[in-house]
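Here is a short briefing to read with the model open beside you.

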Amino acid sequence: MHSRCDIACTYCYVYEHVDQSWRSRPLSLTDDTIDRIAWRIGEHAHAHRLDSVRVVLHGGEPLLAGRARISRMASRLRSELAPSTTLDLRLQTNGVLLADDEALCRLLVDEGITVGISLDGDRVANDRHRLSRSGSSTFDQVIRAAKRMGAPRNRTSFAGFLCTIDLDNDPVAAYEALVDLDPPRIDFLLPHATWENPPPRQVGLDVVPAPYADWLIRVFERWTRDGASTPIRVFDSIKSALAGRGSLTEALGTEPSDLAVVETDGTIEQADSLKIAYDGAPATGLDVFSHSFDEAYAHEGFAARRVDQDGLCTTCRQCPVVEVCGGGLYAHRYSSANGFDNPSVHCADLLKLITHVDASVREVVPGTTEPKPHGFQLSHFEAIAAGFGGEEAILALRETAESGNLNVLAMLLKKARDVGAYSRVTWDAVDEVEARAPDAFKSLLTHPYVRVWADRALDGLGSDSVDSSALDHLRAIAVAAAARGGVNFELNLAARGGSLCIPTLGTYSLNTKSIAELALRVDSGIITANLTSDEGDAGGDQLTWRPRRILEGDGLTVALEDTDPYRDCHQWPIEPLVSDQEAAAWQRLFHQAWQIIERDHTDYAPAMRVGLSTIVPLTRSATHQRSATARKAFGSVGIARPDTADELALLLIHEFQHVKLGALLDLFDLFDPSDTRLYDVSWRDDKRPLEALLQGTYAHAAVTDVWRARLLRDEPPDGSVSARTAGEHYVFWRDRTLQAVDVLIGSKSLTPLGERLVELTGERVSRWLDEPGD
Amino acid sequence: MLTTKVADLHGVTVRDRAAELMRTGSDVRRPDAEDRGQVPVAAFNASL
């Protein structure tokens, strides 16, 4: 983007090594060159049907190119790559220009540019090389930039730190200084060197054979003790390559390099690290105005990087770690005598480091510590399979849900780490509430929408496009657990779209839809929030708190959830904020409905008393009753408020059957998952998969039971449903349930446990056929 | 006692479980319907 820099790092490979081609380059890309580069990249992507292309905006200092050029590059690239190729756009900066420029940060976020910042550790480490042109420290500016990019509002565009190793810096101090800034990822770089200009190897008064390995091993040991939480690319690459999954960086591994550089004059060059070898080393004689990237691909310089191990020197080919090392960074192999036909000048360091990591990994035998599966009492299964289940059975279901949801959270942590979306602040907050308020944390784990959020967040961290903003909600979960568990702490959270939900407790509303950062303080169970000082432009914003609504029945309290952003998992549209009047209507109906359930449907009540936690209001339909259950939201049902308590009682019983069976399906295979056939069901026009048929059968047996109880009642309830109508409903659902039982048995796809559940359902409903008055 | 598909993580922290997943390099199957290629959502839209 720009061929000059606003600081003067002493080790810079662009200016301070043998290649001096920067002197003849234009300062910045012109609009024409930007357009041509984007067109060439698009041409290449379409010709080779690439799913994605990674473009790194580099320099010099790329931010010196200015906002207009950066935006132009981003938009041109998106335009040329659309619609079939995904753009992974990044930028590597010294951070100085981001220190006090929030608008520039926002521009990068808005353009979808992921920003890496160069920082070598603490102040002493950083100021050893990374100084301004006048020789003053850049440390404070870079720290401000790092904090700005790491703030929740910008974090989705923060890639992390690049840190160049200097033996004079203490490795653990450098590591801790970087980790304390909570980056999504760190990479440690070996200093650029060749056999002509070897790296310093002196530690104190001694020259040691592999001092960079020793330095990195000290970091590795500390990192391992920290749970390897913050991803470190060099270590992750070695582990990945050791496991046969390939390296994550061109500095390691035997994968062919697929990197081309375009300079500010449009010339196409090989990897810019080659500038350390000799003057003009990266040059190809090609440019984007006259040549395609396919022509560059055929250039001998690029071709030399695609010859796998055959392109390595004899020493490398005979080395036991060659598959992992791959000869190190190509530029580091250079000598004037042999060109690049040498081991890396860092060979001894790479060998020692890889051997150390290999030994460390081998100490753990995969699978040896895999926990045992949950047991589940047969009597509990039978009770639920029969249609009911007592309090103990449902509590056992809840325990398994806790484990399942904790596992998903752990998977999310691993995934966040793998894709560079890890936040130490966020996960440290989780650690703290988990350790200090374990019961409150467990309670939050089984909140219905925590699982819904965690699954969506996992999907959002896919390898192609990482949406780390979904992880912000974890901070809100930690705050909720802290408040419920009496843990005092402080945490900043981002409010998006004008609200911030603290799960199970309530919601903050702002009178702005833009992203705002709130500083939350939890003290003795009380949460207070303030807009952070960085939100000065939103100074007029008003913060209002609304606690979560609840519904009270005799011996049962449930949430009327109308703010949690993850409640929209119930297939039907959800109601927005419920008014006081509407909430009062819900309360009247719920109180009566629960009385009906406890009086007339006593077998269903115990399970609901301990398992039903949440009702989500759905939008009402003029012609239909609406209700739904989401498989992942244990304990929650979605219902459009009906007119009568009898209707609500029926919907609650119906949906809670789905909740129970959904939880059972998480524990057991009840049918052959390879049966992908669709089945006729008598209660819908469309054909349904086997699981839906099973769910419908189980739930409609209960619906039949409800209508049967009403039929047997002396007086029609509420005057809304006559006994005659109840009889029609009863026969309708009874016959359809029995038909569905036959279809399920006939499918031959049920497991023994599934057969048992269907048998029990069929037996129960069949018995009613013999009742008088049928 | 029936054996379930869900690992018993009673007493295990999120961090420890994640470290275990990192060490083994494995992605544990999510024990839900997504793995079976269908995401049936039970929904009731009674017209009676």
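The notes below go from the whole model to single residues.

This is a predicted model, in which local features need pLDDT of at least 70 and side-chain atom pairs count only at pLDDT 80 or more, while totals for chains, interfaces and linings use all residues. Residues are numbered from 1 along each chain as its sequence is written, and chains are lettered from A and ligands numbered from 1 in the order in which they are written.

**Confidence**
- The model scores ipTM 0.74 and pTM 0.74.
- Over residues 28-48 of chain B, pLDDT stays under 50, and the model has 52 contacts beyond four places in sequence for them. Where pLDDT is low, the predicted coordinates should not be read in detail.

**Chain A as a whole**
- Chain A has 25 helices and 24 strands; these are DSSP runs numbered from the N terminus, with helices (H or I) of at least four residues and strands (E) of at least two.
- Its C-alpha atoms fill a box of roughly 105 × 60 × 55 Å along the principal axes.
- Of the 774 residues of chain A, 49% count as buried. Buried means that 20 or more other C-beta atoms lie within 10 Å of a residue's own, exposed means 12 or fewer, and partly exposed is in between, with C-beta atoms placed from the backbone.
- Among contacts in chain A with a separation of 6 or more, 70% come from residues 24 or more positions apart. A contact means that the C-beta atoms of two residues, placed from the backbone, lie within 7 Å.

**Two domains of chain A**
- Chain A is divided into domain 1 (1-189) and domain 2 (426-547), with bounds from an automatic or database domain assignment.
- The C-alpha centres of the two domains lie 30 Å apart, and eight residues of domain 1 are in contact with 12 residues of domain 2.

- S18 (residues 549-553) and S19 (residues 556-560) run antiparallel and are joined by five bridges; strands pair if DSSP finds at least two bridges between them.
- A:Leu551 has A:Val558 of S19 as its bridge partner.
- Two residues lie between the strands of this hairpin, where A:Gly555 takes a positive phi near 80°.
- S19 also runs parallel to S20 (residues 614-618), with two bridges joining them, and A:Ala559 has A:Thr614 of S20 as its bridge partner.

**Helix H22 and A:Val637**
- All 23 of the 23 residues of H22 (residues 645-667) of chain A are buried, so the helix is largely enclosed by the rest of the structure.
- A:Val637 sits in strand S22 (residues 636-640) of chain A and counts as buried because it has 29 C-beta neighbours inside 10 Å.
- Beyond four places in sequence, the contacts of A:Val637 include A:Ile615, A:Leu652 and A:Phe656.

**A:Glu250**
- A:Glu250 lies in the loop between helix H8 (233-242) and strand S8 (261-262) of chain A.
- With 19 other C-beta atoms within 10 Å, A:Glu250 is partly exposed.
- Not counting residues up to four places away in sequence, A:Glu250 touches A:Ser257, A:Leu259 and A:Leu329.

Notes
pLDDT is the predictor's confidence in each residue, from 0 to 100.
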